[in-house]
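Please look over the sequence and the model shown here before reading on. The paragraphs that follow move from single residues to the chain as a whole.

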Amino acid sequence: MGKSLNDFQRPTVIFQGSENVLYDIFMNHETKHIVEASGHIYEGTKIIHGSS
């Protein structure tokens, strides 16, 4: 976890795991309330798929 160089209020999180696991959790409307309960704010969220 880190912070944006341009906006110190914006965290950056890097997650490494099975393909699409995190994407599926964040984008599934059935888990949205769980993600929001953890304090996550969807506005401004960017999920970028990467490869190793």
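**A walk through the chain**

Asn20 sits in the loop that runs between β2 (11-12) and α1, where helices (H or I, at least four residues) and strands (E, at least two) are DSSP runs, numbered from the N terminus. This is a predicted model, in which local features need pLDDT of at least 70 and side-chain atom pairs count only at pLDDT 80 or more, whereas totals for chains, interfaces and linings use all residues. Residues are numbered from 1 along each chain as its sequence is written, and side-chain values use heavy atoms, with hydrogens and water left out.

Although Asn20 is not a glycine, its phi is positive, at about 70°. Asn20 is partly exposed, with a relative accessible area of 31%; in these terms, buried means under 20% relative accessible area, exposed means over 50%, and partly exposed lies in between (1.4 Å probe, protein chains only).

Val21 belongs to helix α1, which covers residues 21-27, and Val21 too is partly exposed, at a relative accessible area of 34%. Together with Phe15 and Ile25, Val21 forms a nonpolar patch on the surface, and the accessible area of these residues together is about 250 Å². A patch is made of residues with over 30% relative accessible area and no salt bridge, in which like charges are joined within 9 Å and nonpolar side chains (Val, Leu, Ile, Met, Phe, Trp, Tyr) within 5 Å. A salt bridge, in turn, is a side-chain nitrogen of Lys or Arg within 4 Å of a carboxyl oxygen of Asp or Glu, and the accessible areas come from the Shrake-Rupley method with a 1.4 Å probe, where for residues only the protein chains shown count as cover.

Further along, Glu30 lies in the loop between α1 and α2 and counts as exposed, at 55% relative accessibility. Between Glu30 and Val13 there are 22 Å from C-alpha to C-alpha, with a separation of 17 residues in sequence. Gly39 is placed in the segment after α2 and is exposed at 54% relative accessibility; its C-alpha is 17 Å from that of Tyr23, which is 16 residues away in sequence. Lys46 is also found in the segment after α2 (32-37), and Lys46 is exposed, with a relative accessible area of 69%. The C-alpha atoms of Lys46 and Thr12 are separated by 9.7 Å, while the two residues are 34 residues apart along the chain.

What does the chain as a whole look like in its secondary structure? It comes to two helices and two strands, and from the N terminus on these elements run β-β-α-α. The C-alpha atoms fill a box of roughly 35 × 30 × 15 Å, taken along the principal axes. Of the 52 residues, 6% count as buried, and the accessible surface comes to about 5000 Å², of which 54% belongs to carbon and sulfur atoms.

Confidence is given as pLDDT, the predictor's confidence in each residue, from 0 to 100. The chain averages a pLDDT of 79, and 90% of the residues score at least 70. Confidence is lowest in strand β1 (residues 2-3), at a mean of 72, and highest in α2, at 89.
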